[in-house]
Amino acid sequence: MSVEKLAARAGFSPFHFCRVFQWNIGYSIMEYVRIRRLEFAASELNSGKRIIDLAVEYGFETHTGFTKAFKRYFGCTPEKYRVHASFDIPKLPVLEKTKEYVNGGLIMEPKMVKKMSIKLAGFAVKAKTKDGESNKAYAKLWQEYYTTEGRREKLHGESFVKSHLDYGASFPQDSEYIEIKHVVGVEVKDGYDIPKDYYVCTIPEALYAVFSPPPAYMGDSGSSVNGTYKYIFSEWFPNSGYEFMENGIDFVLTDGSFPYDEPRKFFDVYIPVVKRTTETSD
């Protein structure tokens with residue numbers, strides 16, 4: 001629909017309608033249309049469609065143009081978003097909530113932490129991102145880590161263990177993040193030979209935005225962490241001034257000091273970030 005038709009429906013002149021729209025939503029009308037296209041495209045990243053096909057379907061002429069627009073809004077590439085995306089059809093904006101973000105209010109303010117590279121040893125599983133298979137496999141890996149008799153205890157008893165906090169990280173296995181390798185384990189010391197029983201990997205050095213969702217039972221922490229990722233990618237990144245660090249690896253960190261059926265002390269989400277660069281629209 002044209003701006004003139006929208007304004008007539010709302011009972012405003014086109015000029016006044018554009019001003020009122022931007023004041024309430026925080027974007028111009030055409031910016032809003034562009035964002036809604038991006039949100040609907042994001043909701044289909046779990047469908048198994050190629051990114052170029054989604055780009056064309058939602059009105060972008062090239063993969064590059066779509067990726068640039070996507071990264072400007074979501075703070076990361078479509079490939080990275082595919083790992084932790086919320087696949088619900090995007091809801092209409094709530095004006096009161098929108099005003100809060102326009103004015104700079106945030107529901108969950110992260111702390112910024114710089115970390116050197118982290119070497120992990122633990123257990124891994126590969127899974128496709130299509131139809132939520134990856135998230136299910138990741139949740140199962142965590143559950144088995146804590147409930148399979150002796151698995152976590154044996155790992156934490158090894159001499160090469162540097163820290164007894166538990167890490168969970170996800171590593172892309174292809175350029176479009178169609179397949180992901182999830183890893184759950186511990187940080188290890190340098191200079192030790194790690195037995196082949198364990199999968200070994202490295203998280204690169206980065207500046208992290210660290211989000212701390214409320215404490216939850218280990219069995220329920222998946223929904224808490226998924227909700228945190230949804231907030232990060234859908235709401236925090238677009239208003240933060242940061243974007244996802246290229247080739248960075250996000251991870252979760254937990255104390256793991258309680259039984260599986262008791263609350264964690266913490267379950268923090270670490271997102272590698274860099275200051276957002278300013279780009280012109282395509």
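Modeller: Leu120 sits in strand S2 (residues 118–128); strands (E, at least two residues) and helices (H or I, at least four) are DSSP runs, numbered from the N terminus. Keep in mind that this is a predicted model, where local features need pLDDT of at least 70, side-chain atom pairs count only at pLDDT 80 or more, and totals for chains, interfaces and linings use all residues. Residues are numbered from 1 along each chain as its sequence is written, and side-chain values use heavy atoms, with hydrogens and water left out.

Colleague: Is Leu120 buried or exposed?
Modeller: Buried means under 20% relative accessible area, exposed over 50%, and partly exposed in between (1.4 Å probe, protein chains only). Leu120 has 0% relative accessibility, so it counts as buried. Across the protein, buried residues make up 45% of the 282 residues.

Colleague: What is Leu120 in contact with, leaving aside its neighbours within four places in sequence?
Modeller: Contact means heavy atoms within 4.5 Å. With those neighbours set aside, the partners of Leu120 include Tyr167, Ala169, Val186 and Ile203. Thr202 is 82 residues away along the chain, yet the C-alpha atoms of Leu120 and Thr202 are separated by 6.0 Å.

Colleague: Which residues touch the most other members of the largest nonpolar core?
Modeller: In soluble globular proteins, nonpolar side chains tend to be buried together. A nonpolar core here is a set of buried Ala, Val, Leu, Ile, Met, Phe, Trp, Tyr and Cys residues joined through side-chain atoms within 4.5 Å. The largest one has 48 residues, and Ile232, Trp236, Phe237 and Ile271 touch the most other members. Helix H10 (residues 221–240) gives this core its largest share, seven residues. Another core lies apart from it, with 16 residues, among them Leu120 and Ala169.

Colleague: At what angle do helices H3 and H5 pack?
Modeller: Two packed helices are described by the angle between their axes and the distance between the axes. Axes are lines fitted to C-alpha atoms, for helices over the stretch in contact, and angles run from 0 to 180 degrees between N-to-C directions. H3 (residues 29–43) and H5 (residues 63–74) pack at about 95°, with axes 10 Å apart. That makes H3 roughly perpendicular to H5, a label for angles of 65 to 115 degrees.

Colleague: Which residues of H3 and H5 meet?
Modeller: Among them are Ile35 and Leu38 in H3, and Phe66 and Phe70 in H5.

Terms used
Angles under 35 degrees count as roughly parallel, over 145 as roughly antiparallel, 65 to 115 as roughly perpendicular and the rest as oblique.
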